[in-house]
Amino acid sequence: MFSMKKAAGVSAAVALVLTGAFSVAPADARSKAPAKTLTIWADGQRAPNLIKAIGTLSEQTAGDYVPGYKVDVKGYASFDALKTAIDAATPANGPDIVMGANDWVPALAKDGKLAQFTLSTSAAKNFTANQLGDLSYGGKLYGVPLDINNVAMLTNDDLVQTVPTSFGAMVDYYKANKVSQGLTRGLCVAGGGMSWGAAGVLEALGGAPYAMSGGKAKTTGAPFTVATFANNVKSLLLNSDGTPNGFFTDSDASCKDDFIAGKVPFAIIGNWEWKDYVAEGFDMGMLSAVPGVKAGTFGAGFGSVSGAMLTSFAAQAGDDNAAKSFLNDFFGSAAGAASYEKYEGRPPANKGAAGIASPGLKGFGIAASKASIPQLGTFLNGGAKDTTGLVLGTKAKPGTKGANVPAYWDALPALWTALVSSDSTLRKDPTVASQLFANIMAANAANSVNN
């Protein structure tokens, strides 16, 4: 059952299409018993937006979304805090549904914290096979795709009037104008951080977290040509004496503020925050994938879906049928997805809700179509055993036998530090650092078959 009063904010076009798909149960058909509670955990951005869509506990009537239930949404301060909480959750305190990243699925499923889920026929038709695959492990589905996550590069139209066609063109602009325009950097990461958000920079320069072939990631062989990547770093990010030229740094601190202030010509932004830039007057027509070294090529960033996932705690609490109902009838329906994404502001995975996408969100879609790679947790999350001292970070002790190889999420930020840190004691020879990063990625890719 879907409460249509909660869908009042859905755009007229979506509502007209979907009105006939749901009916409201008459008041006397709702349970007279005290309401049970279905618990959903989300991060500090998604939780408030879901609450806007469905209402607070006090605003809901039992049965609005699931017969006999109200839906309680609990938010955590950050995405990392949510991940820490779900990793530590037990049947005594765990949620019925958790809203998280697709690459959480393998580990949480193996740990027994997720439960297999079957989409209804009517809901399944709203998603692509790839989207459902993102939330599957071992051939089993564990949740409903929510929205498409990706980043794109925004050219600051206060400084640059045309989108650059190559990485070198951006570097040339920065060098020519850094003094006169007081530029703090040429390219920075405002959304997604120095691993997820900066993946497109890695690829634009010739690197990669894993090699792709025929649409699939390879589990053997080097993920990229180290010499090519290292030479691009030397020619585009370093001065002739090997010091960083300042175009790209190992930190995302102050990126967004500096970009808005006109101190950075190019910034990688997330599709969840485009409204912030529109509010500042930036032109979303200036979105693109990160240009590659060769004109007409682009660095592939991650393209993935987030999901609302069924936990094993739901069955242990006797809430599994209610949780499955909410996943199918709210997140799985076009009307429910549209009512949520109206506030969340990301491109909905649900095809039936795609009509709410704005011109800004469509720009991210165009960037993803130019260059995008899947986010594969089994390749990215580490776990291979280190028998050769594959340590790139500056705090870990190199050469520790039997230790886990770092995950991509730790290794890529460490690579940027090794290449372009302002602290000379932390920098490494580009070829050596690039080879070490490639070795780490190759080790984890080979280990992916065990994950």
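**A friendly note on the strands, disulfide and helix pair**

1. Strand β1 (residues 36-43) and β3 run together in the parallel sense over two bridges; strands count as paired if DSSP finds at least two bridges between them. Helices and strands here are DSSP runs numbered from the N terminus, with helices being H or I of at least four residues and strands being E of at least two.

2. Before going further, please keep in mind that this is a predicted model, in which local features need pLDDT of at least 70, side-chain atom pairs count only at pLDDT 80 or more, and totals for chains, interfaces and linings use all residues. Residues are numbered from 1 along each chain as its sequence is written, and side-chain values use heavy atoms, with hydrogens and water left out.

3. Back to Ile-97: its bridge partner in β15 is Leu-310. β3 and strand β15 (residues 301-310) pair in the antiparallel sense over five bridges. Five of the five residues of β3 (residues 97-101) are buried, so this strand is largely enclosed by the rest of the structure. Buried means under 20% relative accessible area, exposed means over 50%, and partly exposed lies in between, using a 1.4 Å probe and protein chains only.

4. Next, have a look at the open sheet of four strands, ordered β8-β11-β7-β12 with mixed pairing. Its edge strands are β8 and β12 (287-288), each of which pairs on one side only. At the β12 end, strand β7 (residues 151-155) pairs with β12 in the antiparallel sense over two bridges, and Leu-154 stands opposite Leu-287 in β12.

5. What does strand β11 pair with in the antiparallel sense over five bridges? Its partner there is β7, where Met-153 stands opposite Ile-268 of β11. With β8, β11 pairs in the parallel sense over three bridges, and Val-189 stands opposite Ile-268.

6. Is β11 enclosed or open to the outside? Five of the five residues of β11 (residues 266-270) are buried, so the strand is largely enclosed by the rest of the structure. Both faces are covered, with Phe-266, Ile-268 and Gly-270 buried on one side and Ala-267 and Ile-269 buried on the other.

7. The structure holds one disulfide, meaning a pair of cysteine sulfur atoms within 2.5 Å. Cys-188 and Cys-255 form this bond, with their sulfur atoms 2.0 Å apart. The pair links distant parts of the chain, 67 residues apart: Cys-188 lies in strand β8 (residues 187-189) and Cys-255 in helix α11 (residues 255-260). The torsion about the S-S bond is about 75°, so the disulfide is right-handed. Both Cys-188 and Cys-255 are buried.

8. Finally, a helix pair. The axes of helix α2 (residues 46-54) and helix α15 (residues 334-344) come within 8 Å and cross at roughly 130°. Axes are lines fitted to C-alpha atoms, for helices over the stretch in contact, and angles run from 0 to 180 degrees between N-to-C directions. α2 and α15 are therefore oblique to each other; angles under 35 degrees count as roughly parallel, over 145 as roughly antiparallel, 65 to 115 as roughly perpendicular, and the rest as oblique.

9. The contact between these helices (heavy atoms within 4.5 Å) is made by Arg-46, Asn-49, Leu-50, Lys-52 and Ala-53 of α2 and by Ser-339, Tyr-340, Tyr-343 and Glu-344 of α15.
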